[in-house]
There are 2 protein chains.
Amino acid sequence: EEEEEHHQRLRIAIVGFGNYGQFLARTFVRQGHTVLAHSRSDHSAAASSIGATFFPDPRDLCECHPDVVLLATSILSAEDVMLSLPLHRLRRDTLFADVLSVKEFPKKLLLDHLPRDFDIVCTHPMFGPESARDGWAGLPFVFDKVRVGNCARAQAFLDIFAREGCRMVEMPCAEHDEHAAETQFLTHTVGRMLAMMELKETPISTKGYETLLRLVDNTCSDSFDLYNGLFMYNKNATELLNRLEWAMDSVKRKLFDGLHDVLRKQL
Amino acid sequence: EEEEEHHQRLRIAIVGFGNYGQFLARTFVRQGHTVLAHSRSDHSAAASSIGATFFPDPRDLCECHPDVVLLATSILSAEDVMLSLPLHRLRRDTLFADVLSVKEFPKKLLLDHLPRDFDIVCTHPMFGPESARDGWAGLPFVFDKVRVGNCARAQAFLDIFAREGCRMVEMPCAEHDEHAAETQFLTHTVGRMLAMMELKETPISTKGYETLLRLVDNTCSDSFDLYNGLFMYNKNATELLNRLEWAMDSVKRKLFDGLHDVLRKQL
Ligand SMILES: NC(=O)c1ccc[n+]([C@@H]2O[C@H](COP(=O)([O-])OP(=O)(O)OC[C@H]3O[C@@H](n4cnc5c(N)ncnc54)[C@H](OP(=O)(O)O)[C@@H]3O)[C@@H](O)[C@H]2O)c1
Ligand SMILES: NC(=O)c1ccc[n+]([C@@H]2O[C@H](COP(=O)([O-])OP(=O)(O)OC[C@H]3O[C@@H](n4cnc5c(N)ncnc54)[C@H](OP(=O)(O)O)[C@@H]3O)[C@@H](O)[C@H]2O)c1
């Protein structure tokens with residue numbers, strides 16, 4: 001289509017080319033962007049099957065002078081990975097973006113470690129290979145233009161997601177983390193709890209129960225590192241755990257009070 | 001249709017004509033059965049709008065000599081309601097059935113209180129007004145022919161559900177209760193816990209989170225009495241609560257261990 005022909009083609013370096021980096025790369029390549037990749041492990045085969053180029057040495061990646069460096073490594077490794085990048089080999093006006101599932105932490109990380117000339121956009125595509133099985137349309141994409149000098153380039157990057165039909169939500173990183181504790185961390189916690197119980201299909205599963213089984217599958221297809229990162233790097237997560245525990249205690253108390261009412265009546 | 005014309009029409013007395021009794025009555029009436037109803041509260045208006053006849057006095061109901069008496073009262077009130085029925089006014093060979101969401105308890109209740117001539121079929125249609133919004137097809141219907149002399153009549157009653165396309169599951173009451181603690185009581189407990197947290201829609205709700213919100217809605221559309229009954233009258237429920245609590249503790253422990261690992265590295 002006409003429109004497709006005219007959008008700006010970007011050279012995007014994905015740092016952290018695991019499950020999620022590769023998932024994003026597929027769409028970037030389909031849209032005609034050039035994808036360069038680097039990761040701790042060697043993912044050359046995956047990269048070439050996707051149509052991206054893998055660089056085992058981050059210096060080679062940086063010397064390609066990408067327009068955008070996209071951090072897609074685990075939350076827990078993000079600081080080490082940032083420190084290992086030879087930033088001086090990049091052009092001074094590179095756009096740095098990230099897709100970490102927490103947002104205050106990478107915002108601070110990028111502001112602390114990047115030279116002042118670099119632009120910074122923090123993002124969270126709130127979907128993954130499971131939930132976006134049928135495309136990205138309608139799914140929320142959260143972003144915060146933390147420091148943007150070159151507006152056209154930042155917009156070209158954001159447009160990748162807009163073009164797929166994502167619901168674009170501009171939101172400060174701190175506000176994201178407040179919501180995300182209640183939505184994402186809670187969902188993962190319930191999924192992880194139910195996974196511990198090793199639930200099984202039964203001949204008499206209700207619809208509600210099947211919902212729980214699907215939740216377990218979707219949660220546990222993400223790495224435990226990801227879940228751990230949601231907890232460790234979102235300061236609202238501890239309070240959410242406390243609320244969940246309080247909720248369980250309250251439900252138990254109501255049940256046991258009911259038991260006592262019945263017993264009292266029988267005495 | 002030919003087939004529809006030929007099935008046996010039953011006179012069914014529903015005792016406990018609340019949310020669920022009325023839900024069942026609509027389908028019974030549509031299939032051409034005669035529905036008589038009795039309940040603690042006066043539900044005459046609801047009954048006549050459904051095409052059923054309401055009897056405020058249980059003696060009048062029993063003197064109509066229904067083929068089937070279907071107990072659809074709350075689990076917690078089932079014993080009192082049974083004791084209040086003038087059983088001697090029924091025909092000696094009446095079929096007694098129930099739809100309580102637990103099964104060992106009503107089995108024992110009916111065996112203890114009914115004269116030996118009465119037939120007994122314990123059932124649990126594992127769906128309700130919410131989950132069966134689009135019909136009963138494919139949804140599990142559990143039954144146990146506890147004591148059946150008149151096979152044709154019991155079959156005619158079970159056929160009501162088979163004709164709607166339910167998945168008919170013949171299962172001893174004890175086995176039902178083992179499965180139901182893991183499926184139904186767990187689902188309700190998770191829904192009730194999340195309800196205590198008063199979760200709200202956010203601009204960045206993930207698909208998984210929306211699943212949780214729907215679970216809350218579906219769970220809380222049932223009465224707390226129902227949930228309380230699932231707990232109080234299923235001996236497997238306490239163990240399930242313990243497992244859920246253990247699961248929460250295990251997840252928390254894994255998270256806090258991860259926190260310590262990181263701290264130790266930094267020291
Ligand atoms: N999965 C999702 O649905 C989703 C959705 C939105 C955002 N995200 C975010 O995307 C990022 C990646 O997520 P993910 O699903 O791929 O799983 P993940 O477990 O969070 O991250 C895996 C990636 O981190 C790298 N990594 C892990 N430990 C490392 C270390 N010590 N040193 C260097 N690299 C390390 C892995 O490298 P190697 O593979 O090379 O070993 C891999 O590329 C995370 O920040 C996550 O929060 C994920
Ligand atoms: N809802 C479902 O999806 C579902 C599914 C399968 C099975 N069931 C079973 O169906 C039965 C009815 O369920 P429900 O959803 O209607 O809600 P419920 O709260 O379990 O039961 C309400 C019914 O119990 C009666 N009742 C409550 N307390 C009573 C008392 N002290 N004395 C006399 N009657 C009393 C009510 O009478 P009045 O209305 O006249 O006051 C009403 O008919 C339960 O045994 C439940 O386990 C429900």
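1. In this predicted model, chain A holds an open sheet of eight strands, arranged in the order E3-E2-E1-E4-E5-E6-E7-E8, and the pairing is mixed. The edges of that sheet are strand E3 (53-54) and strand E8 (167-170) of chain A, each of which pairs on one side only.

2. On the meaning of pairing: strands of a sheet are joined through backbone hydrogen bonds, in either a parallel or an antiparallel sense. An example from chain A is strand E5 (residues 95-98), which runs parallel to E6(A) and is joined to E6(A) by four bridges. To find a position to look at, take Ala97(A), which stands opposite Val121(A) in E6(A).

3. Chain B also has an open sheet of eight strands, and here too the order reads E3-E2-E1-E4-E5-E6-E7-E8 with mixed pairing. Strand E3 (53-54) and strand E8 (167-170) of chain B stand at the edges with a single partner strand each, so one side of each has no neighbour in the sheet.

4. Strand E2 (residues 34-38) of chain B pairs with E3(B) in the parallel sense, over two bridges. Within this pair, Leu36(B) has Thr53(B) in E3(B) as its bridge partner.

5. Next comes ligand 1. Which residues come nearest to ligand 1, of the 27 around it? They are Ser39(A), Ser41(A), Thr73(A), Ser101(A) and Ser223(A). By class, the shell around ligand 1 consists of eleven nonpolar, 13 polar and three charged residues. Helix H2 (19-30), strand E6 (119-125) and helix H10 (224-232) of chain A each give at least two residues to this shell.

6. Some atom pairs at ligand 1 can be checked one by one. A polar side-chain atom of Arg40(A) lies 2.9 Å from an oxygen atom of ligand 1. For Tyr20(A), the atom involved is a backbone N or O, 2.9 Å from an oxygen atom of the ligand. A polar backbone atom of Phe17(A) is 3.4 Å from an oxygen atom of ligand 1. How much of the accessible area that ligand 1 has on its own does the protein cover? The protein covers 86% of the 870 Å².

7. Ligand 2 has its shell in chain B. Of the 27 residues around ligand 2, those that come nearest are Ser39(B), Ser41(B), Thr73(B), Ser101(B) and Ser223(B). The shell divides into eleven nonpolar, 13 polar and three charged residues. At least two residues of the shell come from each of helix H2 (19-30), strand E6 (119-125) and helix H10 (224-232) of chain B.

8. Ser39(B) places a polar side-chain atom 2.5 Å from an oxygen atom of ligand 2. An N or O atom in the side chain of Ser41(B) is 2.6 Å from an oxygen atom of the ligand. In Thr73(B) a backbone N or O atom takes part, 2.7 Å from an oxygen atom of ligand 2. Of the 870 Å² of accessible area that ligand 2 has on its own, the protein covers 86%.

9. The last point is how the two chains are related. Chain B is superposed on chain A by a rotation of 180 degrees with 0.0 Å of shift along its axis, at an RMSD of 0.0 Å. The two copies are thus related as by a two-fold rotation axis. In chain B, the C-alpha nearest the axis belongs to Thr211(B), 3.7 Å from the axis. Both copies use the same surface: 100% of the contact residues of chain B recur in chain A.

Terms used. Residues are numbered from 1 along each chain as its sequence is written. Chains are lettered from A and ligands numbered from 1 in the order in which they are written. This is a predicted model: local features need pLDDT of at least 70, side-chain atom pairs count only at pLDDT 80 or more; totals for chains, interfaces and linings use all residues. Side-chain values use heavy atoms; hydrogens and water are left out. A residue is near a molecule or strand if one of its heavy atoms lies within 4 Å of it. A polar contact is a pair of N or O atoms within 3.5 Å; within protein, one must be able to donate a hydrogen and the other to accept it, and residues adjacent in sequence count only if both atoms are side-chain atoms. Accessible areas come from the Shrake-Rupley method with a 1.4 Å probe; for residues, only the protein chains shown count as cover. Ala, Val, Leu, Ile, Met, Phe, Trp, Tyr, Cys and Pro count as nonpolar, Asp, Glu, Lys and Arg as charged, and the others, Gly among them, as polar. Two strands pair if DSSP finds at least two bridges between them. Copies are superposed by least squares on the C-alpha atoms of residues with pLDDT of at least 70 in both. Contact means heavy atoms within 4.5 Å.
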